Amino acid sequence: MRESVLTSAFIVSALLVAAPASAGGHEYLCRNGSFPDENADFGLAIINGGNRAYLYDVDNCLNPSRCEKVGAGHAVPGARVVTGRTKGNYVCIYFFSNWGSAGWVEKSRLRALAVNSKPARSSWLGRWSAEGNPSVRITNKRGMMHVGGEAYWPQPDPDPDLPPRHSGEIDGKLTLLGNRARYGDDNRARYDDYCKIDFTLVGDILIASDNSRCGGTNVRFSGVYRRVRA
């Protein structure tokens, strides 16, 4: 794998990005950026009921009076969502609209869907994208699963003659374990200092969580991916 040079500023920012959701007293936050890194038992669900299910995001949704709506974020009845961790009567969900939105929804508004814990290898294959950036491609090369991909920060410049400010690239073996998988540069002497990414496949949704060591400043492969055409 080729990586951008890591500066001291990157190391500081990476540590901040990688901080768990519980750091700083924000254990009840549910947001787009942190959703893939929750280390939750991810699943799928359908929004039930007759009204919109509003997404909430503040300090403590165990107390409904302190819950505030995430902008105009809501999921309509019948919408399929990705589920994350649970706190009291609320579940942190990720909902695909024009852009992905994350927020707390009351548990009673969700009907869980079955998820295959041992998907076939073919279920992993293809090109996957998290709203266009980052993106990965999973292939089966001579019986070995392989993942390659790119990520940028900020978004790639539309001018092809101008390279992105920061970038990251992965290219190597993908080790499967049920509906989870891991990519890692295990040829390095100190594994934790180099890129590793945990993937979870729930139906046709791929969730990735990296260790903030997969490229230049602020570059992340963490995201909620959908399969896209080649």
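# Salt bridges, disulfides and cores

Guide: Both Arg220 and Asp210 are buried in this predicted model, and the tour begins with that pair.

Visitor: How far apart are N and O where the side chains of Arg220 and Asp210 meet in a salt bridge?

Guide: A nitrogen of Lys or Arg has to come within 4 Å of a carboxyl oxygen of Asp or Glu for a pair to count, and the side chains of Arg220 and Asp210 do meet in such a salt bridge. Arg220 belongs to the loop between S14 and strand S15 (223-228), whereas Asp210 is in strand S14, so the pair ties together parts 10 residues apart in sequence. The N to O distance given for this salt bridge is 2.5 Å.

Visitor: Which residues are linked with Asp210 in a network of salt bridges?

Guide: Side chains of opposite charge can pair when their charged atoms come close. The structure holds six salt bridges, and a network of them includes Asp210, whose linked residues are Asp37 and Arg220.

Visitor: How many residues apart in sequence are the parts that Arg85 and Glu38 tie together?

Guide: Arg85 forms a salt bridge with Glu38, in which the closest N and O atoms are 3.0 Å apart. Since Arg85 lies in strand S4 (residues 80-87) and Glu38 in the loop between helix H1 (8-18) and strand S1 (43-47), the parts that the pair ties together are separated in sequence by 47 residues.

Visitor: Are Arg85 and Glu38 buried or exposed?

Guide: The term buried is kept for a relative accessible area under 20%, and exposed for one over 50%. By that division, both Arg85 and Glu38 are buried.

Visitor: What relative accessible area does Arg80 have?

Guide: The side chains of Asp204 and Arg80 meet in a salt bridge, with 2.8 Å from N to O. Asp204 lies in the loop between strand S13 (196-202) and strand S14 (205-210) and Arg80 in strand S4, so parts that are 124 residues apart in sequence are tied together. Asp204 is partly exposed, with a relative accessible area of 36%, and Arg80 is partly exposed as well, with a relative accessible area of 37%.

Visitor: How far apart in space are Cys30 and Asp57, C-alpha to C-alpha?

Guide: Cys30 counts as buried, at 0% relative accessibility. Leaving aside neighbours within four places in sequence, Cys30 is in contact with several residues, among them Asp57, Arg85, Cys92 and Trp104. Cys30 and Asp57 are 27 residues apart in sequence, while their C-alpha to C-alpha distance in space is 5.7 Å.

Visitor: What angle about the S-S bond does the link of Cys195 and Cys214 have?

Guide: A disulfide joins Cys195 to Cys214, with 2.1 Å from S to S. Cys195 is buried, at a relative accessible area of 0%, and Cys214 is likewise buried, at 0%. Their link is right-handed, and the angle about the S-S bond is 85°.

Visitor: Which residues touch the most other members of the largest nonpolar core?

Guide: In soluble globular proteins, nonpolar side chains tend to be buried together. Ile197, not counting residues up to four places away in sequence, touches residues including Ile170, Ala181, Tyr183, Ala208, Cys214 and Phe221. The largest nonpolar core has 22 residues, and those touching the most other members are Ile197, Phe199 and Leu206.

Visitor: In S15, which residue is the bridge partner of Arg127?

Guide: Eight strands close into a barrel, in the order S8-S9-S10-S11-S12-S13-S14-S15, with antiparallel pairing. Neighbouring strands of this sheet are turned against each other by 30° on average, direction ignored. Strand S8 (residues 126-129) and S15 run antiparallel and are joined by three bridges, and the partner of Arg127 in S15 is Val228.

Terms used: Residues numbered from 1 in each chain as written. Predicted model: local features only at pLDDT ≥ 70, side-chain atom pairs only at ≥ 80, totals over all residues. Heavy atoms only, no water. Helix = DSSP H or I, 4+ residues; strand = E, 2+ residues; numbered from the N terminus. Buried < 20%, exposed > 50% of the residue type's maximum accessible area, 1.4 Å probe, protein only. Core = buried A, V, L, I, M, F, W, Y, C linked by side-chain atoms within 4.5 Å. Contact = heavy atoms within 4.5 Å. Disulfide = S-S within 2.5 Å. Pairing = 2+ DSSP bridges. Axes fitted to C-alpha atoms, helices over the stretch in contact; angles between N-to-C directions.
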